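Below are some brief notes on the entry you sent. They follow the order in which I looked at the parts.

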Amino acid sequence: MGLVPLAALAMFLSACASASFPSADDVETYRNTVESVFMADRGGTMSGGERSYASCVMCHTWQTDVRFSLERPETNSGWTSEQSRRNFDVVSQLINTDDPENSRLLLKPLDSVAGGLMHTGGTYWTSRDDPEYGAVLEWIQSLPNQYIPEPEPEIDFEFFRACVQPVFQTGREGQIRCSRCHSSGLNGFAPEPQRDNEWSDEEAERAYRLISRVIAPGNAEQSRFLLKPLHPDGGGAYTHNGPRRWQSREDPEWQMLAEWVRGERRGGSCS
Ligand code: HEC
Ligand code: HEC
C-alpha cells in the first residue's frame with residue numbers, strides 16, 4: 001500500500017476526466033461563454049442584408065432544419081444545464097480544435113471580407129477583433145483537442161454545370177422551376193442564363209458559390225438544397241415557400257444530386 005495505488009488512482013481519475021469531457025464545470029463554462037452569445041438580444045428580428053439584428057437562438061432552435069439546431073429553451077432565462085449539455089454535442093460538430101480559426105462556428109457569423117463564410121443569418125462580426133469572436137475563439141482553444149471535423153469531399157463544379165443547373169431550369173409535373181424564384185440575391189443559386197440558354201462561366205461560378213452555402217459537403221441528408229424541395233413525409237423540411245420536387249429520397253434525381261453532394265459525382269456525365 002502507499003504511493004503506488006495512489007498514483008494508479010490519479011491516473012485512472014485523469015483518464016476518466018478526459019473520457020468524460022465535458023464535465024458539469026465544462027458545460028457551465030460553455031454556457032457562460034458561448035450560449036450567452038447565442039442568447040444575446042440584438043434588438044430585432046431582421047435578417048440578411050448588411051447587418052442582422054436577430055439573436056442566434058431565434059433561428060437556430062430545433063425547429064430549423066440545419067445541422068446547427070439547438071434545443072428550444074425550456075425557461076425564460078434560457079436553457080437548463082441538461083439542455084446545454086445536449087446543445088454542446090451539436091455545437092461540437094461546428095468547431096475544429098485542431099485549427100480553431102477554421103471552425104464553422106466562427107466563420108459563419110464573420111464578414112466575408114474578414115475571411116468568413118456567407119450566412120443566411122447575416123454578418124455579426126465585421127472583423128476578427130470583435131470581442132464576441134475573441135471569446136468564442138478562446139473557448140475553442142481551451143478545449144481538449146478531440147473535436148476535429150471529417151475532411152470534406154470536393155463538390156465538383158463541372159458536374160454542377162452539366163447536370164445540376166439543368167434541374168433548376170426544368171419544371172416537373174406542372175411545378176414552377178427553381179429559377180423562377182431563385183435567380184437573384186443570397187438565394188440566387190438558379191439564375192436564368194442571360195444569353196443563348198447557356199450560362200456564362202461567370203454566371204455559373206456565382207451560382208456555384210451560392211449553392212455551396214446550402215450544401216453540407218458529404219452530408220446529403222442535412223443539405224438544405226436537398227431538404228427544402230423534398231416532401232416532409234419523405235424526410236424533407238417542414239417549410240418551403242416553393243414546390244416539393246421530390247416525394248422521397250428514392251427519387252433518382254434526388255439520388256443523383258445526393259451523390260454529387262457526397263463528392264461521388266464528377267465531370268459532365270449525368271447518367
Ligand atoms: C435569421 C436566421 C438566422 C440567425 C439570426 C442566425 N443564423 Fe446561423 N444560419 C441560418 C441558416 C438558415 C443557416 C443555414 C444556411 C447557411 O449556412 O447560410 C445558418 C447556418 C449557420 C451555421 C453553419 C451550420 C452548419 O451546419 O454548418 C453556423 C455555425 C451559424 N449559422 C451560426 C450562427 C450564429 C453564431 C448566429 C448568431 C450570432 C446565427 N447563426 C444567427 C440562419 C440564422
Ligand atoms: C415559388 C417560389 C419558389 C420556387 C419555385 C422554389 N423556391 Fe426555394 N425558396 C423559396 C422561398 C421564398 C424561400 C425562402 C423561405 C423558405 O425557406 O421557404 C426558399 C428557400 C429555399 C432554400 C433555403 C435557402 C436558405 O437560405 O437556406 C433552398 C435550398 C431552396 N429554396 C431550394 C429550392 C429548389 C432546389 C427549388 C427547385 C426545385 C426551389 N427552391 C423552388 C421559393 C421558391
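What covers the buried residues of helix 4? The cover includes helix 2 (24-39) and helix 5 (104-107). Bear in mind throughout that this is a predicted model.

1. Helix 4 spans residues 81-91, and its buried positions are S84, N87 and V91. These residues cover an arc of only 60° around the axis, which means that they sit on the same side of helix 4. E82 and D89, on the other side of helix 4, are exposed. Helix 2 and helix 5 are among the elements that cover the buried residues.

2. Ligand 2 is surrounded by 18 residues. The closest of them are C178, C181, K228, N241 and G242. By class, the shell around ligand 2 comprises 7 nonpolar, 7 polar and 4 charged residues.

3. As to where this shell comes from, helix 8 (178-181) and helix 10 (224-227) each supply at least two of its residues. The largest share belongs to helix 8, with 3 residues.

4. Y53 is found in the loop between helix 2 and helix 3 (56-59). Y53 counts as partly exposed because it has 15 C-beta neighbours inside 10 Å, whereas a buried residue would need 20 or more and an exposed one 12 or fewer.

5. Y53 also pairs in space with G43: the C-alpha atoms of the two are 5.9 Å apart, with a separation of 10 residues in sequence.

Key:
Residues numbered from 1 in each chain as written. Chains lettered and ligands numbered in written order. Predicted model: local features only at pLDDT ≥ 70, side-chain atom pairs only at ≥ 80, totals over all residues. Helix = DSSP H or I, 4+ residues; strand = E, 2+ residues; numbered from the N terminus. Arc of directions from axis to C-beta. Contact = placed C-beta atoms within 7 Å. Near = placed C-beta within 6 Å. Nonpolar A, V, L, I, M, F, W, Y, C, P; charged D, E, K, R; others polar.
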